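Trainee: Could you help me learn to read a few features of a protein model?
Mentor: Gladly, let us look together.

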Amino acid sequence: MTTPHWQRSPRLLKNLLAAALLLPALAFAQERPWPDGSQLVISVSMQFETGGQPEGAESPFSGTPLPKGYPDLPAQTWFDYGYKEGLWRMLDLWDRTGIKVTSHVVGEAALKHPELAKAIAERGHELAAHGMRWADSYNMNYAQEKQFIGDGVAAVEKITGQRSVGYNANWLRRSPNTLKVLQDLNFTYHIDDVSRDEPFVTMVRGRKFAVVPYTLRNNDIVLIEGRHYSAEQFYQQLVLEFDRLYAEGASKRRMMSVSLHDRIGGTPAMVEAMERFIRYAQSHPKVSFMRKDQIAQIVLTEKNPLIDNTEALYNQ
């Protein structure tokens, strides 16, 4: 009896086994390609918080706080940089590079600087919700949280005519009720999840709700303020992240998230770093920049979305 060729060739057998192992992953990926054929989708968050921060909010001056009753005027100017310089500089960058972003807007910040909220909307960017004030909501009851989020939505909508469908809690610290509150307020997605490198669907009271994961890895407040990265180091972080996700995107759906805050990401060096990164990403084929509301609609309307019900206990 003749021994089959594949049994006589260890190398061929090894290749066949490797191909067999890859088949499930390839089949899994082919169920969820990006509709536009992208190999990697990048989504940028632009946090509009200036004017919504409480007294004593974290700043470069927090390590040496002034005695109670004394206004910290230099700290206030650090936040003011966001609306005086930072957001305008970032808006010009998005125009130059032709990308659209999602701006998470604190309601009180929009009320204090309506011209900025209007400019963001007029330039084609998404205005997403970020609460009425820069405050925690994880400890609110259902009614309190619904009003807190709803008031922020109403404030931005009154100024811009754009109603938010996406949400970002303060420091991601949502409550067990948050997704149900959002569902009742007609939101379609939230971003307070860092468990995946692709968007997915979770079931909230039996209905689909989109999750468009946020990032702590490519986040200026974490890396620049928290870990004291330079703008050059931030750029290198983005490039390394891009290169790995772009390679993986050849066989499965991948998304890269970047987060910039008005007073940090809008500085000259950071905008220069971001422009270099965007140009680098755009030099690769099949790379798209998308608003988060667009990404959410993709997973909500596709036939076989990735469904993750890890938090089912809270979403009944």
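Mentor: Let us begin with contact, which means heavy atoms within 4.5 Å. This is a predicted model, where local features need pLDDT of at least 70 and side-chain atom pairs count only at pLDDT 80 or more, while totals for chains, interfaces and linings use all residues. Residues are numbered from 1 along each chain as its sequence is written, and side-chain values use heavy atoms, with hydrogens and water left out.

Trainee: Which residues does Arg254 touch, not counting residues up to four places away in sequence?
Mentor: The partners of Arg254 include Trp34, Asp197, Glu198 and Glu248.

Trainee: Is Arg254 buried or exposed?
Mentor: Buried means under 20% relative accessible area, exposed over 50%, and partly exposed in between (1.4 Å probe, protein chains only). Arg254 has 9%, so Arg254 is buried.

Trainee: Where is Arg254 found?
Mentor: Helices (H or I, at least four residues) and strands (E, at least two) are DSSP runs, numbered from the N terminus. Arg254 is in the loop between helix 9 (231–248) and strand 8 (255–261).

Trainee: How should I read a phi value?
Mentor: Most residues other than glycine have a negative phi. Here, Asn186 has a positive phi, near 70°, and Lys286 has a positive phi of about 60°.

Trainee: Where do Asn186 and Lys286 lie?
Mentor: Asn186 lies in the loop between helix 7 (178–184) and strand 5 (189–190). Lys286 lies in the loop between helix 10 (268–282) and strand 9 (287–289). Asn186 is exposed at 60% relative accessible area, and Lys286 is exposed at 54%.
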